[in-house]
Amino acid sequence: MSDLIRMTAAQLAELLARGDVSAVEVTQAHLDRIAAVDDRVHAFLHVDADGALEVARAIDARRAAGEELSPLAGVPVAVKDIFVTRGMPTTAASKILEGWRPPYDATVVERLRAAGMVVLGKTNLDEFAMGSSTEFSAYGPTRNPWDLSRIPGGSGGGSAAALAAYEAPLALGTDTGGSIRQPAAVTGTVGVKPTYGGVSRYGVIAFSSSLDTPGPCARTVEDTALLHAVIGGHDPRDSTSIPAPVPPVVEAARQGASGDLTGVRIGVITQFTGEGAEPGVMAVFRETIETLTKLGAEIIEVSCPHFEYALPAYYLIAPSECSSNLARYDGVRYGLRVGDDGTRSLEEVMSITRDAGFGPEVKRRIIIGTFALSSGYYDAYYGQAQKIRTLVTRDFTAAFEQVDALIAPTTPFVAFPLGSRTSDPYQMYLSDLYTIPVNLYGGPAISVPCGLSQGLPVGVQVMAPAMADDRVYRVGAALESAVGTLTPPEL
């Protein structure tokens with residue numbers, strides 16, 4: 001295995017800036033790694049080898065000419081296939097968008113390109129980001145590099161697996177109910193859900209508009225912060241974008257790496273320390289609390305009584321919004337069109353197209369959401385769920401009056417075997433038990449690997465108030481400095 005692919009993005013950036021290695025060499029090393037292992041991992045849906053090398057050559061030429069480049073210029077990145085990308089297929093892992101090549105880039109992809117980063121390709125996901133295992137991709141599941149018989153989490157399992165398999169040093173994901181953090185936890189990588197509105201949603205194929213949050217994924221906290229600094233910031237094309245600068249995430253990550261959390265108050269959520277998680281996961285979590293104490297943090301127990309209702313509330317709000325957002329895939333304007341033989345009505349063609357184009361989990365959520373929004377049920381279901389969202393937000397507000405940050409396990413269990421939960425939606429949805437509350441609230445959260453259970457990674461998440469993203473990086477980096485990073489078995 002090339003030494004280049006084992007390096008962090010920060011290390012690669014330093015070598016590139018000094019001229020010790022070229023962007024072409026770095027890019028080719030990662031393309032070679034993808035060619036060597038991705039037939040087993042299936043992290044990528046599309047690899048743009050020619051395009052990536054063309055960008056790398058251009059970066060090398062600009063650097064040779066003495067041009068001042070951004071810190072991550074020449075560093076490769078993998079992009080979840082939910083972001084539209086000009087000149088590359090964008091499918092959202094659905095047959096209904098198979099072969100579609102958008103005429104424009106998502107804002108975050110524009111920012112990657114403007115920073116001189118090399119887009120390697122598009123990573124696999126649960127169809128339309130609906131799932132917790134990347135088994136609901138129309139193009140086959142992704143496998144966990146720690147154990148190829150197990151799931152890499154979801155919906156962003158492709159991005160997390162690409163990192164864990166050393167196919168890319170950085171990746172983009174989206175987090176609607178845990179789709180960045182949960183895959184990070186089960187693959188031993190780092191994933192951040194920024195403050196909602198802190199990273200533009202423009203050009204992100206919508207699942208649940210009030211929850212979808214693009215964010216950075218990497219193998220270290222510092223690398224995640226470096227990518228966050230590139231993609232974050234206000235975007236007038238996104239009506240929910242916050243008109244404020246990106247919090248000082250890179251500085252916070254580097255400060256946290258010193259391992260000193262003296263004076264930082266960290267809350268342990270009472271409702272997340274009881275039953276619900278595997279014993280091995282809770283053992284790692286308890287060890288993490290001890291580690292934080294040794295780093296100087298003050299640990300305070302905090303009650304968030306409405307968190308237990310977050311999961312059912314989410315599974316009414318998100319499907320309701322997806323029912324509305326996915327109505328645009330009708331076989332008329334773009335994408336798949338089935339059954340148009342000249343004898344059927346437009347309504348019949350739309351029905352046949354949607355039946356052929358959407359997978360089982362997407363259909364399930366559309367049905368749930370349409371029912372929840374229907375006449376006579378809106379107030380009883382969607383309306384009540386939104387009231388719970390308000391109560392969850394109040395719990396967070398009250399908690400952050402007592403503490404600077406909150407911690408919890410990222411997911412109740414380690415990576416489970418492929419196929420073991422696909423027939424039981426409830427068990428699958430429990431993967432998001434600990435991640436969903438902060439999505440309903442809108443604040444930032446990071447998942448950091450903190451140990452092993454059954455030989456598989458366990459993640460712990462840190463949550464902070466809205467627009468205090470720097471806090472999660474500081475605490476996450478301190479944990480990383482004490483625990484270290486995890487190295488998966490050789491593929």
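T224 counts as buried, with a relative accessibility of 0%; buried here is under 20% relative accessible area, exposed is over 50%, and partly exposed lies in between, with a 1.4 Å probe and protein chains only. You'll find T224 in helix α8 (residues 221–231). Set aside its neighbours within four places in sequence, and T224 is in contact with V190, V192, P216, C217, A218 and Y473, contact being heavy atoms within 4.5 Å. Helices (H or I, at least four residues) and strands (E, at least two) are DSSP runs, numbered from the N terminus.

A word on where this comes from: the model is predicted, so local features need pLDDT of at least 70 and side-chain atom pairs count only at pLDDT 80 or more, while totals for chains, interfaces and linings use all residues. Residues are numbered from 1 along each chain as its sequence is written, and side-chain values use heavy atoms, leaving out hydrogens and water.

Now the sheet. It is open and mixed, with eleven strands in the order β1-β3-β2-β4-β6-β5-β10-β11-β9-β7-β8; two strands pair if DSSP finds at least two bridges between them. β1 (44–47) and β8 (298–302) stand at the edges with a single partner strand each, so one side of each has no neighbour in the sheet. From one strand to the next, the twist averages 30°.

Start at the β1 end. β1 and β3 run antiparallel, joined by three bridges, and F44 has T123 in β3 as its bridge partner. β2 and β3 run parallel with five bridges, and there P76 is partnered with V118 in β3. β3 itself is mostly covered, six of its six residues being buried.

Helix α5 (residues 107–114) lies across β2 (76–80), β3 (118–123) and β4 (170–174), at about 170° to β2. Helix α6 (residues 157–164) also packs on the sheet, where it touches β1, β2, β3, β4 and β6 (214–218), and its direction makes about 160° with that of β4. For these angles, axes are lines fitted to C-alpha atoms, for helices over the stretch in contact, and values run from 0 to 180 degrees between N-to-C directions.

Further along the sheet, β10 (residues 445–453) and β11 (residues 456–463) pair in the antiparallel sense over eight bridges, with S453 opposite L456 in β11.

Finally, Y377 sits in the loop between α13 (360–373) and α14 (379–399). With a relative accessible area of 35%, Y377 is partly exposed.
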